[in-house]
Amino acid sequence: MVRTNQTSMVTEFLFSGFLQFEDGSLLLFIPLFIIYTFIVIGNLTVFFAVRMDMRLHNPMYHFISIFSFLEIWYTTATIPKMLSNLISEKRTISITGCLLQMYFFHSLGNSEGILLTTMAIDRYVAICNPLRYPTIMTPRLCAQLSAGSCIFGFLVLLPEIAWISTLPFCGPNQIHQIFCDFEPVLHLACTDTSVILIEDVIHAVAIIFSVLIIALSYIRIITVILKIPSVEGRQKAFSTCASHLGVFLMFYGSVSLMYLRFAATFPPVLDTVIALMFAVLAPFFNPIIYSLRNKDMKIAIKKLLCPGAPGWHSG
């Protein structure tokens, strides 16, 4: 469907995702602000705890620290604008601002997805091939994998964003979401909307491919763990993978709800709830999962927050 009866070109978009919560905007602003503050402080704490504790200078914690660092910027791409929309009467964003928000949000999300895949492979090598693990996962390879995840995550989206920037937008200008996302924005373009299906297929293939790699890695890991003769050995192996598996399920569970639904449509309130889960709640729980389920991480965080406490300099 091509809209040619509109002649005035759109210069900014209006967010309508929070309209159903308009009467309680301030009530939503306060918890969202608290959650965002916790995400930033929590992930910074995990990042610096890993960096400053020599006992955590290994591939697993290195990837966790990079993931935590990415989470800060991933949420910063959308939540500050959500907060301003909740307390502002003018809930608009320029087309350039919208494209930049989409680019950084999804590039950081892509980088996290690739990093989660890398972390799954790292755990696979550590548990399924422990004797060769130190020679395979060298510090140099870890640095290359981390840098590669970020570089590829940011480069792969450039052609898509560049293409969207060439599309004409001539009205209407209301984005039915709480942040700029591909499908709601493409629905506003004055062009053939069948391109949305192509976008959906590309995103779905990328998501399913990543999920399959991670799922196969963890199936193999669990199979090997179950063969460990000692109960203590099994528990230790499971505990090192449990946090990774929890973050993986949360991240890709919310991603799947958001992007693997094709023609299915949800009520506006449910759409907003899914978007909040995808962009806000998953990053909120990540530092909790990594710190509470991991004894070494808890010790490192205590050392970081209470450097003068007795007993931290032993061992």
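**View 1. Who lines the largest pocket.** The lining of the largest pocket is made up of 20 nonpolar, 7 polar and 2 charged residues (Ala, Val, Leu, Ile, Met, Phe, Trp, Tyr, Cys and Pro count as nonpolar, Asp, Glu, Lys and Arg as charged, and the others, Gly among them, as polar). This is a predicted model, where local features need pLDDT of at least 70 and side-chain atom pairs pLDDT 80 or more, while totals for chains, interfaces and linings use all residues. Residues are numbered from 1 along each chain, and side-chain values use heavy atoms, without hydrogens and water.

**View 2. The middle of the pocket.** Look for Asn-110, Val-156, His-203, Ala-206 and Ile-207, which lie nearest the centre among the 29 lining residues. A pocket here is an open set of points on a 1 Å grid over the protein atoms alone, where a 1.4 Å probe fits, with protein on both sides within 12 Å along at least five of seven lines; lining residues have an atom within 4 Å of a point.

**View 3. Helices around the pocket.** Helix 9 (195–226) gives the most to the lining, with 10 residues. Helix 4 (95–128), helix 7 (158–165) and helix 10 (231–259) each supply at least two. Helices are DSSP runs (H or I, at least four residues), numbered from the N terminus.

**View 4. Helix 4 beside helix 7.** These two helices pack at about 165 degrees, with axes 10 Å apart; axes are lines fitted to C-alpha atoms over the stretch in contact, and angles run from 0 to 180 degrees between N-to-C directions. Helix 4 is therefore roughly antiparallel to helix 7 (over 145 degrees).

Notes
Angles under 35 degrees count as roughly parallel, over 145 as roughly antiparallel, 65 to 115 as roughly perpendicular and the rest as oblique.
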